[in-house]
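Trainee: Please select a single part of this model and describe closely how it is placed among its neighbours.

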Amino acid sequence: MCDALAAWRQSRHPVLLQEGFVVTQRRPSKQIDALPERPIVIVVDDDPEVREALSSLFRSVGLEPRLFGSTAEFLQHELPEAPCCVVLDIRLPGVGGLDFQAQLTKANIHVPIVMMTGHGDIPMSVQAMKAGAVDFLTKPFRHQDMLDAVAQAIERDRKRRDSEKPLAELRRLFESLTTREREIMTLVTTGLMNKQVAAELGLSEITVKIHRGHLMRKMGARSLADLVRAAEALELGQTKTSTP
């Protein structure tokens, strides 16, 4: 990875025009190859020459490209676990880039998007940016502009993933609970006492206490307050009013 980037930086080729963008042999503004996980750039463009050219560019700076000719083809694959972004052409067969961007937002999928088009206009770019696109590049564009936009998008995705790690760990711990332990955790964290939980589930109070001890240990909760905070983060159940 580093050797490829070093060779790329040392090259002294003049600016060349290629289909879809301008080739410039310059370094990315951010050290995108220095991230602990190899970032992934998903390219969705129906032009195979543009896909391959972008693939070569991203590989040269240590990024892993994944290439798709349409949004339908892209949707057949899961999003990677590593930091990533989507370089998305606006004019595509089937579902276009702007419509696909809206579908991702509606589905609560927050992968950063860099839009590109050969026929862009101001209203189109404004719409894309308002919908959350990191950048909007009109072909032909410079390698430098694409690398800067991708670096920004990957950094945004990395920060999002870091912020979501605690919740992801809570979900993993909750999934490790038995069905009975999940039921008891939900009831206990809505304010019910052990005897009330026992009556609700048709169990003895001692059985509830045993399950409660097990689930608190599995959840890494040292107190009821810790368990309540975990339940709130996981959005478990609705608040119940204790009965006398």
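Mentor: The axes of helix 6 and helix 10 (residues 224-234) come within 10 Å and cross at roughly 105° (axes are lines fitted to C-alpha atoms, for helices over the stretch in contact, and angles run from 0 to 180 degrees between N-to-C directions). These two helices are therefore roughly perpendicular to each other, a label for angles of 65 to 115 degrees. Helices (H or I, at least four residues) and strands (E, at least two) are DSSP runs numbered from the N terminus.

The model is predicted, so local features need pLDDT of at least 70 and side-chain atom pairs pLDDT 80 or more, while totals for chains, interfaces and linings use all residues. Residues are numbered from 1 along each chain as its sequence is written, and side-chain values use heavy atoms, without hydrogens and water.

Helix 6 contributes L167, L170, R171 and F174 to this contact, and helix 10 contributes A230, A233 and L234 (contact: heavy atoms within 4.5 Å). By class, the contact has six nonpolar residues, no polar residue and one charged residue (Ala, Val, Leu, Ile, Met, Phe, Trp, Tyr, Cys and Pro are nonpolar, Asp, Glu, Lys and Arg charged, the others, Gly among them, polar).

The largest pocket holds about 650 Å³ of space. P80, E81, R160, R161 and E164 are the closest to its centre among its 25 lining residues. (A pocket is an open set of points on a 1 Å grid, reached by a 1.4 Å probe, with protein on both sides within 12 Å along at least five of seven lines; lining residues have an atom within 4 Å of a point. Volume is the space filled by probe spheres on the points.) Helix 6 (residues 143-175) gives the largest share of this lining, nine residues. The lining comprises 12 nonpolar, three polar and 10 charged residues. Helix 4 (97-106) and helix 6 each supply at least two residues to the lining of the second largest pocket.

Terms used. Parallel < 35°, antiparallel > 145°, perpendicular 65-115°, else oblique.
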